[in-house]
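Dear colleague,

The findings follow it, with the criteria on which they rest.

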Amino acid sequence: ASASEVVLLHAAVAALAQALGDAEPELSALDRRVGDGDLGINLARGAAAVRAAGERLAGLPDPAAYLRALSEVLRREIGGTSGPLYSTLVLGLAESLRGVPHPGPQEWAEAAAHGVARVRRVGGAAPGDSTMVDALVPGVAALAAAAGPRERLAAAAAAARAGAEATAALTPSLGRSSYLGERAVGVPDPGAVAVAIQLEALAAHLGG
Ligand code: ADP
Ligand code: MG
Ligand code: MG
């Protein structure tokens, strides 16, 4: 594995982290409406930790080692429900890429699907429950389906955004927003919006 591959991967993750930091007010405002208001802070804290660990992470030998270490950083630093779920997602990516030093688009798509399956297993959410899963599932499906590597991320971001917007019409059945029940209808799930923001940042970074 070339170290530069991990450096490029970290640059993509740093772009995603930057977007999360910028979105802190928007995500906190959404979570104030249907949750406890901390989602923006939780994710911005994770983003700052990723930045702080950048040099160490970017020096790791291959994508699987990088993602394993990243999962650990997220598990330690992100609070709330999001912490364990993001940590699980990234650990799933690492598991899938073990022994794959130079993953191509197909292997990344499979790894993403594996990570999302892990999130669903750990959190127990299915599409339609109004959670981050409603953006992740269409996102990874588009990742596997689109033609070229650049189109894939753009398609994944668009599908995740559509999935996030569609949660506004749903009555949440998991997490804090479920306490509001039908009163949460009209507000998109904050965690799903956060997923869309991250995939859009990745697509912009890698797709140019
Ligand atoms: P908390 O409710 O602990 O403050 P966060 O604010 O960190 O959690 O994250 C809230 C988001 O977590 C929700 O908007 C939703 O997308 C996601 N979420 C909550 N419960 C689950 C679950 N069981 N499975 C998947 N995602 C979930
Ligand atoms: Mg919250
Ligand atoms: Mg909380």
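Helices are DSSP runs of H or I with at least four residues, strands are DSSP runs of E with at least two, and both are numbered from the N terminus. By that criterion, α7 is followed by G124, whose phi is positive, near 75°.

This is a predicted model, in which local features need pLDDT of at least 70 and side-chain atom pairs count only at pLDDT 80 or more, while totals for chains, interfaces and linings use all residues. Residues are numbered from 1 along each chain as its sequence is written, and chains are lettered from A and ligands numbered from 1 in the order in which they are written.

Overall architecture

The chain contains ten helices and zero strands. Its radius of gyration, taken over C-alpha atoms, is 16 Å, close to the 17 Å that the globule rule gives for 208 residues, so the chain is as compact as a globular protein of that length. The globule rule is 2.2 Å times the number of residues to the power 0.38. Along its principal axes the C-alpha trace spans about 50 × 35 × 30 Å.

Buried residues account for 49% of the 208 residues. A residue is called buried if 20 or more other C-beta atoms lie within 10 Å of its own, exposed if 12 or fewer, and partly exposed in between, with C-beta atoms placed from the backbone. Two residues are in contact if their C-beta atoms, placed from the backbone, lie within 7 Å. Among contacts between residues at least 6 apart in sequence, 66% join residues at least 24 apart.

The surroundings of ligand 1

Ligand 1 is surrounded by 23 residues, and the closest are G80, S82, G123, G175 and G191. The elements that contribute two or more residues to this shell are α3 (39–52), α6 (82–96) and α10 (190–207). Of these, α10 gives the most, with three residues. A residue belongs to the shell if its C-beta atom, placed from the backbone, lies within 6 Å of the ligand.

R56 lies in helix α4 (residues 54–58). With 10 C-beta neighbours inside 10 Å, R56 counts as exposed. Its C-alpha atom is separated by 9.2 Å from that of Y66, ten residues away along the chain.

Y66 is one of the buried residues of α5, which are P63, A64, Y66, L67, L70, S71 and L74. Seen down the axis of α5, the buried residues fall within an arc of 150°, so they line one face of the helix; the arc is that of the directions from the helix axis to the C-beta atoms. The 15 residues of α5 (residues 63–77) should span 21 Å at 1.5 Å a residue, and the end C-alpha atoms are 21 Å apart, which agrees. The expected span of a helix is 1.5 Å times one less than its number of residues.

L97 is placed in the loop between α6 and α7 and is buried, with 23 other C-beta atoms within 10 Å. Not counting residues up to four places away in sequence, L97 touches P63, A64, L67, P103, E107 and A111.

Helices α7 and α8

Helix α7 has 19 residues and reaches 27 Å from its first C-alpha to its last, close to the 27 Å expected. Its buried residues are W108, A109, A111, A112, G115, V116, R118 and V119, and what covers them includes α6, α8 and α9 (149–166). A117, also in α7, is partly exposed, with 16 other C-beta atoms within 10 Å.

The buried residues of α8 are V133, D134, A135, L136, V137, P138, G139, V140, A142 and L143, and they pack against α7, α9 and α10.

The loop between α7 (105–123) and α8 (133–145) contains S130. S130 is buried, with 28 other C-beta atoms within 10 Å. Phi of S130 is near 65°, a positive value in a residue other than glycine. Most residues other than glycine have a negative phi.

With kind regards
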